[in-house]
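Please read the following note alongside the model shown below. The points are numbered so that each may be checked in turn.

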Amino acid sequence: MKKDAIRVSLNAEKLRAIKKYMDKKEIDLEDELVDQLQKLYEKYVPANVREYIDEKQEEEIKAKKPKKTVKTKAEVNNQSIIQE
């Protein structure tokens, strides 16, 4: 599914402090922000809408998967001849 980026402004000194203390704990700021956005999504988006979006995403994933090709009898026979 297509992703969008968001932009948030914060006082530079506060942002430096967040990064400094998160780095000490080896925590990634972007990962934390994504987790918080996921919680907001789950809190405010109704369950039936989330379910619809999940189903739509699964359909897109299935559509992107390459379909298996079926070998013809001639291809199978050619492989067996080559292997002999």
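1. Helices (DSSP runs of H or I, at least four residues) and strands (runs of E, at least two) are numbered from the N terminus. The protein has 4 helices and 0 strands, and its pattern along the sequence is α-α-α-α.

2. This is a predicted model, in which local features need pLDDT of at least 70 and side-chain atom pairs count only at pLDDT 80 or more, while totals for chains, interfaces and linings use all residues. Residues are numbered from 1 along each chain as its sequence is written, and side-chain values use heavy atoms, with hydrogens and water left out.

3. The predictor's confidence in each residue is given as pLDDT, from 0 to 100. For the protein the mean is 88, and 79% of the residues reach 70 or more. Confidence is highest in helix α1 (residues 12-24), with a mean of 98, and lowest in helix α4 (residues 73-83), with a mean of 65. Where pLDDT is low, the predicted coordinates should not be read in detail.

4. How much of the protein is buried? Of the 84 residues, 1% are buried; the term means under 20% relative accessible area, with exposed over 50% and partly exposed in between (1.4 Å probe, protein chains only). The accessible surface, found by the Shrake-Rupley method with a 1.4 Å probe, is about 8800 Å², and carbon and sulfur atoms account for 53% of it.

5. Glutamate 26 lies in the loop between α1 and α2 (29-44). Most residues other than glycine have a negative phi, yet glutamate 26, which is not a glycine, has a positive phi of about 55 degrees. This glutamate 26 counts as exposed because its relative accessibility is 75%.

6. A pocket is an open set of points on a 1 Å grid over the protein atoms alone, where a 1.4 Å probe fits, with protein on both sides within 12 Å along at least five of seven lines; lining residues have an atom within 4 Å of a point. The largest pocket has a volume of about 1100 Å³, a volume being the space filled by probe spheres set on the points. Its lining has 26 residues, and Asp4, Ile6, Leu33, Val34 and Leu37 lie nearest the centre. The elements giving two or more residues to this lining are α1, α2 and α3 (47-64), and α2 gives the most, with 10 residues.

7. The structure contains 1 salt bridge, that is, a side-chain nitrogen of Lys or Arg within 4 Å of a carboxyl oxygen of Asp or Glu. Its partners are aspartate 4 and lysine 2, at 4.0 Å from N to O. Aspartate 4 counts as exposed because its relative accessibility is 68%, and lysine 2 counts as exposed at 72%.

8. Glutamate 58 is placed in helix α3 and, at 47% relative accessibility, counts as partly exposed. Glutamate 58 and methionine 1 are 57 residues apart in sequence, while their C-alpha atoms are 9.1 Å apart in space.
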